[in-house]
Amino acid sequence: MDTKELLKKVRKIEIKTRRLSDHIFGGEYHSTFKGRGMTFSEVRQYQFGDDVRNIDWNVTARYSEPFVKVFEEERELTMMLVVDVSGSGLFGTRNGFKKDIITEIAATLAFSATQNNDKIGLILFSDAIELYIPPKKGRSHVLRIIRELLEFEPKSQKTDISEALSFLSKVMKKKAIVFVLSDFMAENYQRTLKITSGRHDVTGIRVFDAKEEEIPNLGMVNMLDEETGKTILVDTSSKSVRNGYAKYYRERQEYFRESFRKSGAGNLSTRVDESYVKKLLGYFKMRA
C-alpha cells in the first residue's frame, strides 16, 4: 500500500469512526468507564437538594451560612487495544474481512477515549507480540494506531491470546480499560485471562463471519488454513466432516464466552455483516 493510498484509507476510517464516537459513543463510554475516584474541586453556597453530607462545616461556621464541598471525577484513564493480527483475520464473505471490522471498532473505541481525554495504547499480536505502542493522548496518536492497524504485516500467522495477555500484564502496572479484539479461534487462555481481569477492566470483542460457522456441502474442496499456510483437500460432502467442523467451531465459541464470564470480564460478539454500532452501544448501556 503506497503512502497516498494509506493516508486516504486512514482519513476514510477517521471520518466514519470519529463521527460515531462524537455523536454516539462519547457519552456512553464516559458513563461506562468511570475515573479513579472523586477529587475536591471547590466550595459553594448550599442549594436546595444538595447532599447534607457534603457540607463544609469549617466554611459554614466562618460565614454563618451553609457551604458544600464540590467534587469532580478524576478520569485520567488508559485504554489498551489488544488486537489479533493473525492470518484468520483475512477472512470475510459479505461486508469485508474480519480484519477490516476489527480496525473500525478499534478506531471508534480510540476516538471515544480521546474525546474523554484518556490515553490509548496498542498491542498487535499473533502467537508473539508483533507491535507495542505505549499509551498516549491525542488525535495524531490515534491516527498512528489506525495506520498500524491498516498496514502492519505480522511475522507470524498463528494466534496465542495468552501470550498477548501476559505481555499486557508486564507493561501495564496500573489498572487499564482493555479491549481484546479477535475472532477467538484459539484456546488455552482462560487462566491468563483470569489473572489479567483481576487487575484490569477487560472486554473481549469477537468478530466472526457467518460462513465460518459451518462447512457447506461442495464436494471435494481445496481449503487454505490462513494460520498455517497449508492447503488440504477436504471432502465437504461427508456429513461427519461437516459435523466435526461445526462441533469444533461451537467449542471455540463456547470457550470464549465461558472464559470471559468465569474471569469476570465482559464480552460481545459481532458478525462482519452486522452493525457493530448496535452491539457496542448495547454493551455500554448494560455496563453503565
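1. Packing of helices H6 and H7. In this predicted model, the axes of helix H6 (residues 190-199) and helix H7 (residues 239-262) approach to within 9 Å and cross at roughly 35°. Axes here are lines fitted to C-alpha atoms, for helices over the stretch in contact, with angles running from 0 to 180 degrees between N-to-C directions. The crossing of H6 past H7 is right-handed, a term used if the near helix is turned clockwise from the far one by less than a right angle. From H6, the residues making the contact (heavy atoms within 4.5 Å) are Gln190, Leu193 and Lys194, and from H7 they are Tyr255, Glu258, Ser259, Phe260 and Lys262. Sorted by class, this contact has 3 nonpolar, 2 polar and 3 charged residues.

2. Basis of the description. Residues are numbered from 1 along each chain as its sequence is written, and side-chain values use heavy atoms, with hydrogens and water left out. As the model is predicted, local features need pLDDT of at least 70 and side-chain atom pairs count only at pLDDT 80 or more, whereas totals for chains, interfaces and linings use all residues.

3. Overall organisation. The chain has 8 helices and 10 strands; these are DSSP runs (helices H or I, at least four residues; strands E, at least two), numbered from the N terminus. Of its 288 residues, 47% count as buried, where buried means under 20% relative accessible area and exposed over 50%, with partly exposed in between (1.4 Å probe, protein chains only). Among contacts in the chain with a separation of 6 or more, 74% are between residues 24 or more positions apart.

4. Helix H3. Spanning residues 98-115, H3 has 18 residues and reaches 26 Å from its first C-alpha to its last, close to the 26 Å expected at 1.5 Å a residue. Of the 18 residues in H3, 15 are buried. Just after this helix, Asn117 takes a positive phi of about 60°.

5. Nonpolar cores. A nonpolar core is a set of buried Ala, Val, Leu, Ile, Met, Phe, Trp, Tyr and Cys residues joined through side-chain atoms within 4.5 Å. The largest has 45 residues, of which Leu81, Ile105, Leu109, Ile146, Phe179 and Ile205 touch the most other members. H3 gives the most to this core, with 9 residues. Apart from it lies another core, of 20 residues, including Leu165, Tyr189, Val202 and Phe260. Leaving aside neighbours within four places in sequence, Ile146 contacts Val10, Ile13, Ala107 and Phe111.

6. The loop between S6 and H6. Phe184 lies in the loop between strand S6 (177-182) and H6, and Asn188 is also found in the loop between S6 and H6. Phe184 has a positive phi of about 55° although it is not a glycine, and Asn188 likewise has a positive phi, near 60°. Phe184 is buried, with a relative accessible area of 1%, whereas Asn188 is exposed at 63% relative accessibility.

7. Thr159 is located in the loop between helix H4 (139-151) and H5, and counts as buried because its relative accessible area is 18%. Thr159 and Asp84 are 75 residues apart in sequence, with their C-alpha atoms 7.4 Å apart in space. Ser169 belongs to helix H5 (residues 161-171) and is buried, at 14% relative accessibility. Not counting residues up to four places away in sequence, Ser169 touches Thr196 and Arg199.

Note on methods. Expected span 1.5 Å × (residues − 1). Nonpolar A, V, L, I, M, F, W, Y, C, P; charged D, E, K, R; others polar.
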